[in-house]
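Please walk through this model, starting with the chain as a whole and ending with a single side chain.

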Amino acid sequence: MSDETARLIEQTADDLFSAESEGARKALAEGAWPERLWQIFAETGLAQAALPEEAGGAGLAAGLAVLRAAGRHAAPIPVAETMIGTLLCHRAGAEVPDGPLTLYAPPAGALAAQPAVREDIDAANLPRVPWARIATVLAVGAPGHGLAFLKPSDVVEGANLAGEPRDDVAVSGPPDRLHPLPPEVDGFALMAIARAAQLRGAMEQVLAMSLRYAGDRVQFGRPLKRFQAIQHYLAEIAGEAAATGAAVDAAAQAPNGFGFAAAKARASQAAGTVARLAHQVHGAIGYTAEHDLHHWTKRLWAWRDECGNEAYWWQVLGAHAAQGGGAALWPKMVAASGSAVAETAGATVSSEGEGR
């Protein structure tokens, strides 16, 4: 994919989410499905952006650019779930269902005999499935357990801190369809890098809002940005956002388990710091429902724990680094950061650290 193509895709996503997300958030807050935003998103083909070029997409880097834009504008539709679900359908050789998709993907090793992807199971309960009330539910087990298309028998509606649907799903009977996945494909790790990209975009928006507010707000006869404490806060927010962006970019260039784990760990760690300092900059007004800041800080707080928090992914990285002993650590880091070629966007990802 050329740089020009990547820029065009990101600009298309940015224009769409910029124009439509505010109204869509209001609709969601009132209990309505943001149909207009979803229809435009589907019609532009952005849901297929993460597919490899031979499958009609532009590769993982393009998909992460779309997710970055979605996070930047707090787009209230299942962008990550649909994009990663589409990618997993491609890897499984399955036809992609119409409409929004959602994904239930447990961490590797946590549910080794994942019941939702077995043909002989009578029932399964899937907790906190994003957007399950309006989406086709896909379930992917630990690597090697396949991809299942499910028909929920019951959905108990819930939400995360940002008000995004997180529903408990009951499934009766075996899945409608069950497709094998290559053993190296890990749906949990793919969702983790997708959330990291969304966190990146949200941090960038929080930084922009904080800079603007600090420049406009006058206290004791001078703008807030002239106070040294505020300057330190803004600099730290910018540093955390930049570090997260660098980690996500590195993972996009070398799509492997090490890179995905590092990106999500760094993004989750940064999210809490960015949200806290942004509220320090904004003061009391930033805590009000009337101010827009909460749309992004609530997402930072919610997304940092979804698809594995920093503690989980640091543990995965630690287990990966410990394999082979100290002598193997530096060569392993160089190989992980320098591997720029993968057969497909999901080719070498695993959320299960070796030796866990």
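In the protein chain, 77% of the contacts with a separation of 6 or more are between residues 24 or more positions apart, a contact being heavy atoms within 4.5 Å. This is a predicted model, in which local features need pLDDT of at least 70 and side-chain atom pairs count only at pLDDT 80 or more, while totals for chains, interfaces and linings use all residues. Residues are numbered from 1 along each chain as its sequence is written, and side-chain values use heavy atoms, with hydrogens and water left out.

The chain has ten helices and nine strands; these are DSSP runs numbered from the N terminus, with helices being H or I of at least four residues and strands E of at least two. Of its 356 residues, 54% are buried, meaning under 20% relative accessible area with a 1.4 Å probe, protein chains only. The accessible surface comes to about 15,100 Å², and carbon and sulfur atoms hold 53% of that; the areas come from the Shrake-Rupley method with a 1.4 Å probe.

The average pLDDT, the predictor's confidence in each residue from 0 to 100, is 88 for the protein chain, and 89% of the residues score at least 70. Over residues 340-356 pLDDT stays under 50, although the model has 55 contacts beyond four places in sequence for them. Where pLDDT is low, the predicted coordinates should not be read in detail.

Helix α6 (residues 228-253) has 26 residues and reaches 37 Å from its first C-alpha to its last, close to the 38 Å expected at 1.5 Å a residue; the expected span is 1.5 Å times one less than the number of residues. Its buried residues include I230, L234, I237, A241, T244 and V248. An α-helix has 3.6 residues a turn, so residues three or four places apart point the same way. The cover over the buried residues of α6 includes α3 (60-72), α5 (187-216) and α7 (257-282).

An open sheet of three strands runs in the order β2-β6-β5 with antiparallel pairing, where two strands pair if DSSP finds at least two bridges between them. Its edge strands, β2 (123-130) and β5 (152-156), each pair on one side only. Six bridges join β2 to the antiparallel strand β6 (residues 166-172), and A123 stands opposite S172 in β6.

Finally, H73 lies in the loop between α3 and α4 (79-92). Is H73 buried or exposed? H73 is buried, because its relative accessible area is 14%. Leaving aside neighbours within four places in sequence, H73 is in contact with D14, F17, S18, S21, R25 and W296.

Notes: Buried < 20%, exposed > 50% of the residue type's maximum accessible area, 1.4 Å probe, protein only.
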